[in-house]
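Hi,

Here is the structure I said I would pass on.

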Amino acid sequence: MTIRYSETEVITAIGNLTQSRLTRFVQAEIVVPVQSSSGPVFGEIDLARLNLLCELTDDFDLDEDSLAVIISLIDQLHTTRSDLRSLLAALENEAQDVRERVAAAWTSGRDDQA
């Protein structure tokens, strides 16, 4: 079951989030709420993103364009980590000799980049 939060609930949950800040983040499409019959709703991941966005705005005085770049990079990092976990899980099901060849090739490729 997915928990959804209204705009009011999100603003209440995140102390340094204001209505105008939330509106700017949504208009810049840094956070994209789901549209429901009762209006926009936000998930847990949106709350985490909004909290981070507020911290970055307050601590580093970043504008929406900069925030969008940072969030995009964070999203890419999370995707890469997920892909790496999937690859490692797939390799665990392979024979030992296959795992050793992949490990050797990976180590060699990393050494070539250094």
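**What I found**

Let's start with Thr 57: a polar atom of its side chain lies 2.8 Å from the backbone oxygen of Leu 53. Keep in mind that this is a predicted model. Thr 57 belongs to helix α3, and with a relative accessible area of 12% it counts as buried, because the cut-off for that is under 20%. Leaving aside neighbours within four places in sequence, Thr 57 touches Arg 21, Phe 25, Leu 62 and Leu 67.

Two of those names, Leu 53 and Phe 25, come up again in the core. The largest nonpolar core has 16 residues, and Val 10, Ile 14, Leu 17, Phe 25, Phe 42, Leu 50 and Leu 53 have the most contacts inside it. Helices α2 (19-27), α3 (44-60) and α4 (64-92) each give it two or more residues. α3 supplies the largest share, with 5 residues. As a general point, nonpolar side chains in soluble globular proteins tend to be buried together.

Beyond its neighbours within four places in sequence, its contacts include Ile 3, Tyr 5, Val 10, Leu 22, Leu 47 and Leu 50.

Now the strands. β3 (residues 39-42) pairs with β1 (residues 5-6) in the antiparallel sense, over 2 bridges, and Ser 6 stands opposite Val 41 there. β3 also pairs with β2 (residues 34-36), again antiparallel, this time over 3 bridges. Ser 36 has Gly 39 as its bridge partner, and β2 and β3 make a hairpin with 2 residues between them.

Cheers

Notes:
Residues numbered from 1 in each chain as written. Predicted model: local features only at pLDDT ≥ 70, side-chain atom pairs only at ≥ 80, totals over all residues. Heavy atoms only, no water. Pairing = 2+ DSSP bridges. Helix = DSSP H or I, 4+ residues; strand = E, 2+ residues; numbered from the N terminus. Core = buried A, V, L, I, M, F, W, Y, C linked by side-chain atoms within 4.5 Å. Buried < 20%, exposed > 50% of the residue type's maximum accessible area, 1.4 Å probe, protein only. Contact = heavy atoms within 4.5 Å. Polar contact = N/O pair within 3.5 Å; in protein donor to acceptor, adjacent residues only side chain to side chain.
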